[in-house]
Every structure is written in structure tokens, then in C-alpha cells.
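Student: Could we go through this model together, with each label set against the criterion behind it? I would like to see how every conclusion is reached.

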Amino acid sequence: MDKEIGHFIGGRRVPGKGSEFGPVFNPATGEQTGRVAFATAEEVDEAVQAAKAAQPAWAALPPIRRARVMFRFKDLLEQNMDRLARMVSEEHGKTLEDARGSVSRGIEVVEFACGIPELLKGDFSQDVGTGVDLLSVRRPLGVCAGITPFNFPAMIPLWMAPLSMACGNAFVVKPSEKDPSCPMFIAELALEAGVPPGVLNVVNGAKEAVNAILAHPDIAAVSFVGSTPVAEYVYRTGTAHGKRVQALGGAKNHMVIMPDADLDMAVDALMGAAYGSAGERCMAVSVAVPIGDEVADALIERLAPRIRQLKIGPGTEPGVEMGPLVTREHLEKVRSYVDLGVEEGAELVVDGRDFRMQGYENGFFIGGCLFDRVTPEMKIYKDEIFGPVLSVVRMPDFDSAVEIINRHQFGNGTAIFTRDGDAARAFANAVDIGMVGINVPIPVPVAYHSFGGWKRSLFGDHHMHGPEGVRFYTRLKAITSRWPTGIRAGAEYKMPVLG
Ligand code: NAD
């Protein structure tokens, strides 16, 4: 164990002052590689005070100057891509190639933030009354905070902090305690790029730090990404304290395979979407919905051997397709869901529970699992498992597929595989889901659009990044102006009517 991770406050790394720490593991070896300090409420307050002190001067800079800092930040992130990807892989477990992809998707949000002068352009109406003009501008909120999950330790902090900073806010990130190294390094790169000390801070920790953020009177807005119970708690507690909150939660994403689909394309898509990143993605496909038994039988026949042949191993080794799960605790949870599926009567076609990785016997590995004949009443269908476990739910027709999707508690993503434009269009319109793919298994919107689910996958009114992100991190100000012209109307005691 060599790493000791504290916090990043006021432009420098500081050790934790509290007595609580959490272990950080390399999931491939199962070894503890470090420990992370858990911030107390006082340490959260220190970060917020540093942010509060730095924010006014940062907000006063012309947006083009903040944009130039973002350009340098983007360059530095790109130059350090390999280092960031390795950090992700060594603490999260995902493959290097996958980690690189996730860092790239985070950098794309920084690219979007580089356009902040254009994004902050206001609305102007000349002559709303005689000699009266109206200007609507978007102003920063002050200090904002982000609470992030373990599964994208670089990308999700990058979904939040750069855009919030570009809008003129200071930011405090509370990363997942399972993989805290990336956000610390990202904060150092931001400083090097020219983000003034205090504008970006990182406080590590768990529940106490989150509660301190939610109750802090100087934090105006909170962005959260994580599991649904915590998302709901963060939303309710944060809004009860008068904050603006966007809280993105869990998912159970269905992929419908129509009888006219290109089956090979659908199988390739399912392999990547269900088993990539060991299923630890909020946009992973965890339910396949083939329409009709013929499609279902053909799908299982093609999927099963591919799942058995998955190249599983440490994410840092070349050629590996699927790495380990993040912690032993999570591994046990995923295994127990597979046990439960068997008890519930689902047919376990591929059983990955006993997978052992030679030379990495203590790693948190599990093989890919495939269930057939899963029904909507089963718990393995209702809950998010967040592992490499795909459930096949056979449905007789399009309408019943749409019906089960709409009845599910989650509404993050979904996809349909078909050659029929009519069916695809009807599907996209009918599903109560935030992000829909047509022959695209993981329809994550690009950075200049916004990301977010419906139902219990998102609490709050704003999706993340893109135009919705700019709206979330700013508030409107309307300025109505008139200049003395020499014409005097005298005092007006009635409601002024312009025009
Ligand atoms: P999590 O909810 O356990 O943790 C998320 C954050 O909340 C972490 O920073 C954690 O420290 C904190 N936290 C955990 N328990 C808490 C508590 N009781 N009180 C206060 N704070 C608490 O989520 P996770 O396991 O890190 O991440 C996986 C989950 O995130 C999955 O459910 C996944 O679907 C979801 N996720 C959603 C999206 C999305 O965009 N909708 C994206 C990625 C991940």
C-alpha cells in the first residue's frame, strides 16, 4: 500500500485531518494500493470557503479568458490521456482502451466548455417600449458541487466541473471513495492550465462529506450521479436546503430485437453493451427483449458461445475485453443476484460465477452471465445489478415490449434493433425513456447535447452537460434600460405598460 490520498483545496493537495479513511484497491489483484481520507464537515467547509473566495474574480473575467483556460485544460488532459486511463484502469478495473474512451468523452465536455462566450450570449430586444431596451443574460450561481460515482472516475467529474467553471462558478468535487486518484490529478491539471487556486477543489470522503455539501449554505447547486436511492436522497435533502439539484440515478436498459433486425449486428452490440466495462455502466444493456421465440432462440444460440469466449483479465493487459468488478463487496453482490435468478426460476444459460483468473486469484473477477426466460416479476429484472449479467425477456410483439419498458421504474436508456423505419420511429416516440438508440446500443448523447434519463433515473429538471448544463449552472438576469432623452412623462403610479 503506497498511496495516501487527501484533498485538493485552494490549489494544493492537503492531507486529511479526520480520523476516517477508506481503502483503495487494484481490482485485478485484489490488493489494497492506498487509502483515501474521508473529509469531515470542517474540511468540506474549508473547500467551500476557498471556492467562495476565488469565485468573484473568476466570474469577473471576460468569458473568452475563461475559454482560453479551458483550451489549455483540454490540451493538458489530452497530453495526459494515457496516465489518466491507467489510473482509471488500476482503480476501477476497466480495460485501458475502454478507460481511454471514457476520458475522451470527458474531454469532449471540456471542448464544449471552450465555446462558453457563444454559449453565454444573451437575448436582446431593442425598443420594448419607446427608448427602452431589454437584455437577458445568464449569470453564474456562485459555488457549485458535484458528487460522482465509481464507474467513470474521470468522465463524470469532467461532465460537471469544466462547464460549471466556464460559466463562472467555482466548483467542489466529491468523488467516489472507491477510485479517487483521477479527480485529484484532473484538479492539478486544471491548476496548471490556469484555473485560479480555489476555483476547483476536491474533497474526498463518503456520507459525512456528502451531507456537509447538501447542508452547506454557500453551495448554490449540486450535480449528482450515482445509484437511485442516493440520488433521491441527495435531491430531497439538497432541495430542502434551497439548492438547485440535478441527481442522475440507476438504470435497467432494454434492447429490443425485432424479427427483421440484422442479428449479427445486434449480437455484436449486445456483447459490447452488456459486458463492456463488466456491465458497470449506467447505459449498459442489461435486458435483451427479442420479439418472438424464433428471434430469441437464434439470439441465445449466437450469444452463449461469445460470452463463454470473452477474454477476461486485468484491464491493463492488452487484448483483454472485460476486466474485474470494482470491489469484492460488489463482486459478492453481483454473484448473489445470479444465485437469486436461479432461485427465481430463470434459466442460467451461461454461468460466470466460478470464473477464476490464473495468477490473479484474489482479483474481483466474474465471468459473463446470461439468463434466458426472465420475467418482469423477478427481482433480477426489477433491480439494477451493475455487473456482466444479461437477462433475456422474451416478448411476443412490439407493443408488449414497449409496455414492459414503460412499466419499469428506470428510464435511462433503451435501444431497438430493426430495419423498419416505421417501427423505429414508433418506438422512439412511445418509450418513456430519456435516451433512445436506433441500431445504437449505448445512445450516450455527445457533449454538445445533454445526457439524462427519465423516471427514477433522474431527479430534477435538468439533464447534464450540453445546453442543459449551461442552464443548470447559470441563472437569468433581465436588464431593462432607458436613457434620459429630455422627454419627461412624470411620475407613473399605475403599472407601467411599455410600447
Ligand atoms: P453510489 O450511489 O453508491 O455512490 C455515488 C456517490 O454517492 C459517491 O460519491 C458516494 O460516496 C456517495 N454515497 C454513497 N452512499 C451514500 C449515502 N448513503 N449518503 C450519501 N452519499 C453517499 O453509486 P456508485 O456505486 O458509486 O455508482 C454506481 C451507480 O451509479 C449505479 O447505480 C449507476 O447506474 C449509477 N450511474 C448513473 C449514471 C447516470 O448518468 N444516470 C452514470 C453513472 C453511474
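Student: Why is Glu 232 called buried?

Tutor: This is a predicted model, and in it Glu 232 has a relative accessible area of 17%. Buried means under 20%, so Glu 232 counts as buried.

Student: What makes Arg 236 and Glu 232 a salt bridge?

Tutor: The closest N and O atoms of Arg 236 and Glu 232 are 2.9 Å apart, and the criterion asks for a side-chain nitrogen of Lys or Arg within 4 Å of a carboxyl oxygen of Asp or Glu, so the pair qualifies as a salt bridge. Both residues belong to helix α9, which covers residues 228-240, and they are four residues apart, about one turn of the helix. Arg 236 has 55% relative accessibility, and because exposed means over 50%, this residue counts as exposed.

Student: Which parts of the chain does the pair of Asp 264 and Arg 302 tie together?

Tutor: The side chains of Asp 264 and Arg 302 meet in a salt bridge, with 2.6 Å from N to O. Asp 264 lies in helix α10 (residues 263-275) and Arg 302 in helix α11 (residues 293-308), so the bridge ties together parts that are 38 residues apart in sequence.

Student: How do you know whether Asp 264 and Arg 302 are buried, exposed or in between?

Tutor: Asp 264 has a relative accessible area of 47%, while Arg 302 is at 35%.

Student: Which residues of α14 are buried, and what covers them?

Tutor: The buried residues are Phe 398, Ser 400, Ala 401, Val 402, Ile 404 and Ile 405. Their cover includes β13 (253-257), β14 (285-290), α13 (379-382), β19 (413-417), α15 (421-430) and β21 (454-455).

Student: Why is Thr 228 called buried, and what does its side chain reach?

Tutor: Thr 228, which lies in helix α9, has 5% relative accessibility, and because the limit for buried is under 20%, this residue counts as buried. The side chain of Thr 228 reaches the backbone oxygen of Arg 456 at 2.8 Å. Leaving aside residues up to four places away in sequence, Thr 228 touches Gly 249, Gly 250, Phe 410, Arg 456 and Phe 459.

Student: How do you know that Ala 247 is buried?

Tutor: Ala 247 is found in strand β12, and its relative accessible area is 0%, which means that it falls under the 20% limit and is buried. Not counting residues up to four places away in sequence, Ala 247 touches Phe 224, Ala 231, Tyr 235, Ser 457, Leu 458 and Phe 459. Strand β12 (residues 244-248) is mostly covered, with four of its five residues buried.

Student: What makes β11 and β12 a pair of strands?

Tutor: Five bridges join strand β11 (residues 221-225) to β12, the two running parallel, and pairing requires at least two bridges, so the strands pair. Ala 221, for instance, has Arg 244 as its bridge partner in β12.

Student: Which residues are closest to the ligand, and how much of the ligand does the protein bury?

Tutor: Of the 26 residues that surround the ligand, the closest are Lys 174, Glu 177, Ser 227, Gly 249 and Glu 384. An oxygen atom of the ligand is 2.6 Å from an N or O atom in the side chain of Ser 227, and a nitrogen atom of the ligand is 2.8 Å from a polar backbone atom of Gly 249. Taken alone the ligand exposes 840 Å², and the protein buries 88% of that.

Key:
Residues numbered from 1 in each chain as written. Predicted model: local features only at pLDDT ≥ 70, side-chain atom pairs only at ≥ 80, totals over all residues. Heavy atoms only, no water. Buried < 20%, exposed > 50% of the residue type's maximum accessible area, 1.4 Å probe, protein only. Polar contact = N/O pair within 3.5 Å; in protein donor to acceptor, adjacent residues only side chain to side chain. Contact = heavy atoms within 4.5 Å. Near = heavy atom within 4 Å. Areas by Shrake-Rupley, 256 points an atom, 1.4 Å probe, with all protein chains shown as cover.
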